[in-house]
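My notes are below as numbered points, with the cut-offs spelled out along the way.

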Amino acid sequence: MELKRYSASESETELATLNEGLDKPWSFEDGKLTKTFKFKNFVEAFGFMTSAAMVAEKKNHHPEWFNVYNTVTIQLTTHDVDGLSHKDFDLATRMEALATGQR
């Protein structure tokens, strides 16, 4: 699949699909796909980050993220296209599954 930058309307459509059924949705912040996850404690947050890092490495698509205690904030963008692409929404979908205990 050729890597292409999503238009604003394509990004909005993908965001709506990603957020279907989620209690806490993803959003756009500074042109990046963004979400803050909260876990019970640091160990759960770190476990999520470890699992997400392994998925990101396999996909060769690495998040920008920030962790303090039980909170992990993630921002996704595709630097190769200077914007959002299918890679961002694909990784977000996998991270969502990891955060809810699905593998």
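Which residue takes a positive phi in the hairpin of β3 and β4?

1. That residue is Tyr69, with a positive phi near 45°, in a hairpin that has two residues between the strands. Strands here are DSSP runs (E, at least two residues) and helices likewise (H or I, at least four), numbered from the N terminus.

2. Before going further, a word on the source: this is a predicted model, in which local features need pLDDT of at least 70 and side-chain atom pairs count only at pLDDT 80 or more, while totals for chains, interfaces and linings use all residues. Residues are numbered from 1 along each chain as its sequence is written, and side-chain values use heavy atoms, with hydrogens and water left out.

3. The sheet is open and antiparallel, with its four strands in the order β1-β2-β4-β3; strands pair if DSSP finds at least two bridges between them. Because β1 (27-29) and β3 (64-68) each have a single partner strand, they stand at the edges, and one side of each is left without a neighbour in the sheet. On average, neighbouring strands are turned by 30° against each other, direction ignored.

4. β4 (residues 71-76) pairs with β3 over five bridges, in the antiparallel sense. Along this pairing, Val68 stands opposite Thr71 and Asn67 opposite Val72. β4 is also joined to β2 by six bridges, again antiparallel, and there Gln75 is the bridge partner of Thr34.

5. Axes are lines fitted to C-alpha atoms, for helices over the stretch in contact, and angles run from 0 to 180 degrees between N-to-C directions.

6. The loop between β4 and α3 deserves a look. Thr77 lies there and counts as buried at 12% relative accessibility. The side chain of Thr77 reaches the backbone oxygen of Gly83 at 3.1 Å. Not counting residues up to four places away in sequence, Thr77 touches several residues, including Lys32, His61, Glu64 and Asp88. His61 is 16 residues from Thr77 in sequence and 9.0 Å away in space, C-alpha to C-alpha.

7. Ser85 lies in that loop between β4 and α3 too, buried with a relative accessible area of 0%. The side chains of Ser85 and Thr78 make a polar contact at 2.7 Å (a pair of N or O atoms within 3.5 Å; within protein, one must be able to donate a hydrogen and the other to accept it, and residues adjacent in sequence count only if both atoms are side-chain atoms). Beyond four places in sequence, Ser85 touches Leu3, Lys4, Tyr6 and Thr78.

Definitions and conventions: Buried means under 20% relative accessible area, exposed over 50%, partly exposed in between (1.4 Å probe, protein chains only). Contact means heavy atoms within 4.5 Å.
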